[in-house]
2 protein chains.
Amino acid sequence: MNVVSVVDIIQNKIIVNSKVTIQGWVRNRRDSKAGFSFLTIYDGSCNKSIQVIVNNNLSNYKTEVLLLTTACSVIITGIIKNSPFQNQNFEIKAIKVNVVGWVKNPDTYPISAKYHTVEYLREVAHLRPRTSLIGAVARIRHVIAQSIHRFFSDQGYFWITTPIITASDTEGAGEMFRVSTLNYNELYRNGKNEIDFSKDFFGREAFLSVSGQLNCEAYATAISKVYTFGPVFRAENSNTSRHLAEFWMIEPEVAFATLSDIIVIAEKMLKYIFSEVLHKCLDDLNFFVNNFNKNVISRLEKIKDIDFIQIEYTDAIKILKKHENFFKKPISWGIDFSSEHERYLTECYFKIPVIVKNYPKDIKAFYMRINKDKKTVASMDVLMQDIGEIIGGSQREERLDMLDIRLNEMNIKKENYKWYRDLRSYGTVPHSGFGVGFERLVAYVTGLKNLREVIPFPRTPKNIDF
Amino acid sequence: MNVVSVVDIIQNKIIVNSKVTIQGWVRNRRDSKAGFSFLTIYDGSCNKSIQVIVNNNLSNYKTEVLLLTTACSVIITGIIKNSPFQNQNFEIKAIKVNVVGWVKNPDTYPISAKYHTVEYLREVAHLRPRTSLIGAVARIRHVIAQSIHRFFSDQGYFWITTPIITASDTEGAGEMFRVSTLNYNELYRNGKNEIDFSKDFFGREAFLSVSGQLNCEAYATAISKVYTFGPVFRAENSNTSRHLAEFWMIEPEVAFATLSDIIVIAEKMLKYIFSEVLHKCLDDLNFFVNNFNKNVISRLEKIKDIDFIQIEYTDAIKILKKHENFFKKPISWGIDFSSEHERYLTECYFKIPVIVKNYPKDIKAFYMRINKDKKTVASMDVLMQDIGEIIGGSQREERLDMLDIRLNEMNIKKENYKWYRDLRSYGTVPHSGFGVGFERLVAYVTGLKNLREVIPFPRTPKNIDF
């Protein structure tokens, strides 16, 4: 039995007139009065289905084939033929149609062949990968992930895993999920009436990590070039299209690298990813062009060849100030950018990706390197159309005395960062890194507006089904 | 400035007599009475260091070079030369030595050049990647991870991410970590005096996932071939060398695949990984041969070319019964294997990897497919030397009626598996998958005995430092 994937047939890898077996699901069925039926079969290997022609002389034609409905599973053996139809090169003339699984009550099948909104599909997240939309997202997501691993690996980076459960808080900000095995009915308290976490699994209070960066720094200052690619968590109660409680992040960290070095790396990485997706996912991208956003291919092609704009935060403020009436709040040096500012810069003003550099220290994390002006830190955000911030990074403060000043300014206890400070005591080096929001990247590539569509099973406030 | 990595020099990618700059850390320093010093410099790009010869005519020779100690960071420019020494091909004749970071109090530097036990190194997990041991683990871990992604991607699998935070319990067994944002001082209770999780972030009780399998099945029954590679969690209070509370798992899931299909895939995957590691990590493997386990290379070479033993559980029991006096407890059909049984089969009896098939249903999970004998399930475990079980998998029960019988037998509420049962109601297909413990794989490849050495920052009971 020569089992092949639909993508192999579509991509002309199977010789015409050869006998093959395909395994998949029925997208739809049309019956001709001339004594045969057309089945379109998908197996998820690509966006396209393959048409199968079933003659009524097959023994189970009347008893089974004519009863097939959307999503029935089948194993079909037949001969590959050139197709006379315009929109397909090949079709299969069936020799045998083996129905493997039926659909109970086809009339109530949750994702029938008709149009469904993305909002509705979230309610059937276990079945939505069967749609062309979520299937395309899965394949593009895969290619983006693989291209990230390849990009870094080819350049001598090592993928490392940083802890998911942690006792420390990277940002000094952002709400965290608590991880615990304490029984709510047997909580012990200490003399101050505080919960006694010494009874908990880890012997102290533990949380889900918001970033692997600090741990990544320990590895970068030992083996030079590393990156993480793993899940991170935010317990913010914000129900927006741009936030997930659980998402995946890529965080490279590079020893001896300065801010300008990692800006080069970030831009190169994005262009590599976009080239790979254009090269490997054109069919899936075309699905998005035809159904969601006609610009997704053209903007990827444009971006992969242009230099991104680089601009100082201070200069970005001047631009925004000139167009202050566009925004909800007044513009002044020192403010943090909100999504509307970011999108104005990249969508309206420059119309290409923008890298904003050297933000005021007061709106950035303690670990970012203080610039000579003592007011700004060596930080950067990459802003892109539709998404706003897709990457945030910085040169890290490698000077122990300066780091301690910053910890002090921000009322963070030095004792909580003992091991992190050690990295500066023993052979410290300049080093830099950034974080890429994986789902934002997938959203940008596909043009989808809501992150809930670009992750298989989204986690948001009050939403943990599936 | 032509910055190169140590590995580029070692691998003969840089032309002799060219001027290069290296960036790294001092492994050690020896001073010759002839008026120069030898520095060995590592940058983590490979297991080897590069020797740098520094002449006393450098301006900072006395003021800086002679003060260098282990772990000081340096940027050195010099000329690549063929080395007259036996154990190295190349060395660098320094033109400039720029000391970037000193080591405070070298006498108390936690990982001085002397020998340290692995137990001690765990106490300085933030600095241990600077050792040859943990550096080698990181590089091998990286190559194994990359080879897994490549193996599956090349064969048409799509990497998917399954939720880390979940409301369901895949195994129906195994203790789980609770994930919550509830404030311990403001717990609301319902009429039955139970905690009211409707106030919690997700509106119900939530946990850290023990496996992505069930979610993976939703994607396999839509796009045919998928795999996860992500972290999973066990809140078992077991402080052994073979357990971690947080570890990484690879879980492929394949539509239309039977038990024997995935046995082939599992064996092929392991052999691919071992070939890749032998091809790409020989220097690092030699480090383990010389320092930990002289067999690690020879056993990988042997295994990549042999057929693994396949044996029925029932036959494995017969073998163990014959040697019953080796074991703590009596052997009889129906028992679950413990580590001593698994290791006896693979290490003592067959002396190669063993795949045990068709375990009794009563010791396996509800989702495994019932065999015709009604007593066993279509399951398999791959057992390997030193590690015992490294892979566990099964054909999944795709027949809704049989699945419901199993749920019933095991007193699991059908309502809790509504969406999982849906996959069987709508175009069900035979499908199979397995889980690979990533850290056990790294332990096998390196020959390290304790999983705490093969993950950057181990999480075990009462241990969440770093």
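Modeller: A residue is called buried under 20% relative accessible area, exposed over 50%, and partly exposed in between (1.4 Å probe, protein chains only). By that criterion, 61% of the 466 residues in chain A are buried.

Biologist: What kind of model is this, and how are residues and chains labelled?

Modeller: It is a predicted model, in which local features need pLDDT of at least 70 and side-chain atom pairs count only at pLDDT 80 or more, while totals for chains, interfaces and linings use all residues. Residues are numbered from 1 along each chain as its sequence is written, chains are lettered from A and ligands numbered from 1 in the order in which they are written, and side-chain values use heavy atoms, with hydrogens and water left out.

Biologist: How many helices and strands does chain A have?

Modeller: Chain A has 12 helices and 16 strands; these are DSSP runs numbered from the N terminus, with helices being H or I of at least four residues and strands E of at least two. The C-alpha trace of chain A spans about 85 × 60 × 45 Å along its principal axes.

Biologist: What share of the contacts in chain A joins residues 24 or more positions apart?

Modeller: Such residues account for 67% of the contacts with a separation of 6 or more, a contact being heavy atoms within 4.5 Å.

Biologist: Which strands make up the barrel in chain A?

Modeller: The closed barrel of chain A has five strands in the order S1-S2-S3-S5-S4, with mixed pairing; two strands pair if DSSP finds at least two bridges between them. Strand S1 (residues 19-32) and strand S4 (residues 73-82) of chain A are antiparallel and share seven bridges. Within that pairing, Gln23(A) has Ile75(A) in S4(A) as its bridge partner.

Biologist: And what is the strand order of the barrel in chain B?

Modeller: In chain B a closed barrel of five strands runs S1-S2-S3-S5-S4, also with mixed pairing. Strand S1 (residues 19-32) of chain B is antiparallel to strand S2 (residues 36-42) of chain B, with seven bridges, and Trp25(B) is partnered by Tyr42(B) in S2(B).

Biologist: Why is strand S3 of chain B described as largely enclosed?

Modeller: Five of the six residues of this strand (residues 50-55) are buried, so the rest of the structure largely encloses S3(B).

Biologist: Changing topic: how many residues does each chain bring to the contact between chain B and chain A?

Modeller: Chain B and chain A contribute 111 residues each. The area buried between them, meaning the accessible area (1.4 Å probe) that two parts lose on being put together, summed over both, is about 9,000 Å², and carbon and sulfur atoms give 63% of that. On the side of chain B, Tyr184(B), Phe201(B) and Tyr426(B) lose the most area to chain A, together 10% of what that side buries.

Biologist: Which polar interactions link the two chains?

Modeller: There are two salt bridges between chain B and chain A, each a side-chain nitrogen of Lys or Arg within 4 Å of a carboxyl oxygen of Asp or Glu. Arg204(B) and Asp465(A) form a salt bridge through their side chains at 3.0 Å, N to O. Helix H3 (residues 132-154) of chain B supplies the largest share of the side of chain B that touches chain A, 11 residues.

Biologist: Where does Glu253(B) lie, and is it buried or exposed?

Modeller: Glu253(B) lies in strand S11 (residues 246-255) of chain B and is buried, with a relative accessible area of 1%. Its side chain makes a polar contact of 2.8 Å with that of Arg396(B). Beyond its neighbours within four places in sequence, Glu253(B) also touches other residues, including Gln213(B), Cys216(B), Lys225(B) and His431(B).

Biologist: Finally, which residues of helix H9 in chain B are buried?

Modeller: In H9(B) (residues 339-349), His341(B), Glu342(B), Tyr344(B), Leu345(B) and Thr346(B) are buried. Their cover includes helix H8 (313-322), strand S13 (354-357), strand S14 (379-384) and strand S15 (388-395) of chain B. Just after H9(B), Lys351(B) has a positive phi of about 65 degrees.

Note on methods:
A polar contact is a pair of N or O atoms within 3.5 Å; within protein, one must be able to donate a hydrogen and the other to accept it, and residues adjacent in sequence count only if both atoms are side-chain atoms.
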